[in-house]
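Reader: I am new to this structure and would like to learn how to read it. Could we take its features in turn?

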Amino acid sequence: MYRYNPDDLALIRERAAQFRAQVGRWRSGVLRDDEFRPLRLQNGLYVQRHAPMLRVAVPYGMISSAQLRRLASISRRYDRGYGHFTTRHNLQLNWVRIEDVPDILDELSEVEMHAIQTSGNCIRNVTTDPLAGIAPDEALDPRPLAEILRQWSTLHPEFAFLPRKVKIAISGSVEDRTLAWYHDIGLRLDSGDKEPPTFSVLVGGGLGRTPLRAQIIRRHLPWRHILSYLEAIVRVFNLHGRRDNLYKARLKILVQRLGLAEFSRQVDAEWAHLKDGPATLTEERYQRIAAHFHPPVYRTLAPQAVQPAAQTHPDFARWLARSVHAHKVPGYAAVTLSLKAPGQAPGDITAAQMESVAALADAFSFGEARIAHEQNLVLADVEQGRLFELWQAAQKDALATPSVGLLTDMICCPGGDFCDLANARSTAIAHAIQTRFADLDTLFDLGEISLNISGCVNACGHHHVGNIGILGVDRQGEEFYQITLGGRQGSAARVGKVIGPAVPAARVADVVSGIIAVYRRERRPQESFLQTFERIGSAPFKPCLRADDAKQHAGAVA
Amino acid sequence: MNALIRESAADFQIVFDDPWRIAPEEEAARQSLPKGAWLYPLALWQKEEALIRARGEAFGLWLYPDTPPAALEALKARLADFAVIALDFPVFTDGRAYSLARLLRERLGYAGELRAVGHVLLDTLLFTRRLGFNAWAMSERQKVEDALAHLQSLRQSHMMRHPYQ
């Protein structure tokens, strides 16, 4: 992974020192609250319901064992011994004290980490594919360009105070695993082994209050022009995005208001000046960064089609079926370490688990791990011959839950227990569903279903793109939940449809049971939940929302 | 009004008696505008360029953040005539002037004084300095001496790194 040079290191240390000075000026009254707020947000510091929250960046999801160990020690020393992985390669510490944050940033800088631009109206942490560099369907490792984007966007002077945040995802594979269609800007490698590589640029996507799928603003953009083209987009946004209404300030709203053709015309007019200018990437620069991402020294191994231990250990066989992914190098596999153990809030990770992942990364995967946007961790380079050993070790700290891609591998925001914005306690709903669907036979029988929960319309749990989406809403002070069906991520990503009126919190698990019962009743052999939904539509599922129907499933163990 | 900080050849200086003021937009006040150093809001300049030039004194331009870039491009050939271009920050989080500054410096080749005015904090000196601002009318509550020291410290700063480096 990318290692900082002395200049990179000096930069984040100075940034930490600058933040320490800002905290001091705020505490002494020189900076007003309304002045300190945007400044602290640009360093990832929120003031939340119970305590401040610090959002630490894990740029494009790459993390080393040393970094994991440091996060563990930070979470023990300054927090309550755990953290929460978000859907955008960040780790949130939920119980920090503001006066400790400068020290935390200093500690992070020692392991080449920071919280720069993890919040605020600026270009956020760039995200990519957790299988980058190893996925068989990948034509170009997106990480060198992701790192170039990180360097470009970090403290970019022109784009420090945008109308609203800008989220960028980059993908180099056939199947999109970055949710590029729902980012402000998505970069997707064009298919075909084009040389030099070109990208399709998607613009104006986003979830939140107004879910909009991005539109393709440009195809076949040569990689050298990525920065100049993004500068043109972000400049048009900076100058013309709305600043009078927080809810209409995102790039997607500007694209929608102008229409793609006019927005594109304005971008092109800017780009005409920027193209081939100093932002143009050089081969030399690319190679310098790409050298950090050269493959590790793999052993020459025979691919292993069968895991003998699976015959005698059915639990291992299940874990293999769900947690292990194909690797482009023979004899190797990628492994998801699940953070969805029963009783654990999705994405939460204890300090002990962080240390355990660090040890597993050292022992099995060249000392590195990745963060997946599904709030799990990935070891990317595991020898197939050592999967059984890894499974046994991962179980010790509840990292081997075999539900990856199944109903209980939920994506869920921290919700009303932590977040000031939330209307609802999303993790309590997650817990109720986990408890309801604890039986592995049932989960495996149901097959792949994504279930996403957001505690409010800001959609941090990406509820719109879950096959089953659950959104917390406030009805006269009471927690209600709106159910959507048919959403999906991936290359054909799209938002689901609301199937009817919101239901009270106590009924959500019953409604999910009802929806699952309809699927089981209606499905054809080998048909996934999504395929059944596509075939029969939402009508058969609507009655699940009714109190009398839900009652039938009350307390049911599916 | 707070003192001004201006970049000079080798350093930054505090200017306590900076004469530049925004010209009044009301017509009556302008009829009797005394001799002085006036920053003319763009709309006023567009309307009264000839009259302003006829005054025979140095003049500056005042830009609000909603200035259309095309209006600046239309001025390209005459930008060098402005002794000062002041970019207004009604709140420090309004970053539109950041793009305007880059346009003025990079695309339109304006080489004169580019001044940040309004809600100008210590914390935005880094960005504005990198964008080519070379004068700062600091926010009232900002100690000018601290801002000067901060600007001087930025000379050595790695945060000044160019985004294309």
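Reader: What is the radius of gyration of chain A, and what does the globule rule give?

Author: The radius is taken over C-alpha atoms, and the rule is 2.2 Å times the number of residues to the power 0.38. Chain A comes to 18 helices and 21 strands, where helices (H or I, at least four residues) and strands (E, at least two) are DSSP runs numbered from the N terminus. Its radius of gyration is 23 Å, close to the 24 Å that the rule gives for 558 residues, so chain A is as compact as a globular protein of that length.

Reader: Which residues of helix α13 of chain A are buried?

Author: A residue is buried if 20 or more other C-beta atoms lie within 10 Å of its own, exposed if 12 or fewer, and partly exposed in between, with C-beta atoms placed from the backbone. An α-helix has 3.6 residues a turn, so residues three or four places apart point the same way. In α13 (residues 387-395) the buried ones are A:Leu387, A:Leu390, A:Trp391 and A:Ala394. Seen down the axis of α13(A), they fall within an arc of 100° (taken from the directions from the helix axis to the C-beta atoms), so they line one face of the helix. The elements of chain A that they pack against include α11 (314-323), α12 (351-364) and β15 (377-383).

Reader: How many residues does each chain bring to the contact between chain A and chain B?

Author: Chain B gives 20 residues and chain A gives 25 residues. On the side of chain B that touches chain A, α4 (96-107) and α5 (125-130) of chain B each supply at least two residues, and the largest share, five residues, comes from α4(B).

Reader: How confident is the prediction, by its ipTM and pTM?

Author: The model scores ipTM 0.97 and pTM 0.96, and chain B averages a pLDDT of 94, with 99% of the residues scoring at least 70.

Technical notes. Residues are numbered from 1 along each chain as its sequence is written. Chains are lettered from A and ligands numbered from 1 in the order in which they are written. This is a predicted model: local features need pLDDT of at least 70, side-chain atom pairs count only at pLDDT 80 or more; totals for chains, interfaces and linings use all residues. Two residues are in contact if their C-beta atoms, placed from the backbone, lie within 7 Å. pLDDT is the predictor's confidence in each residue, from 0 to 100.
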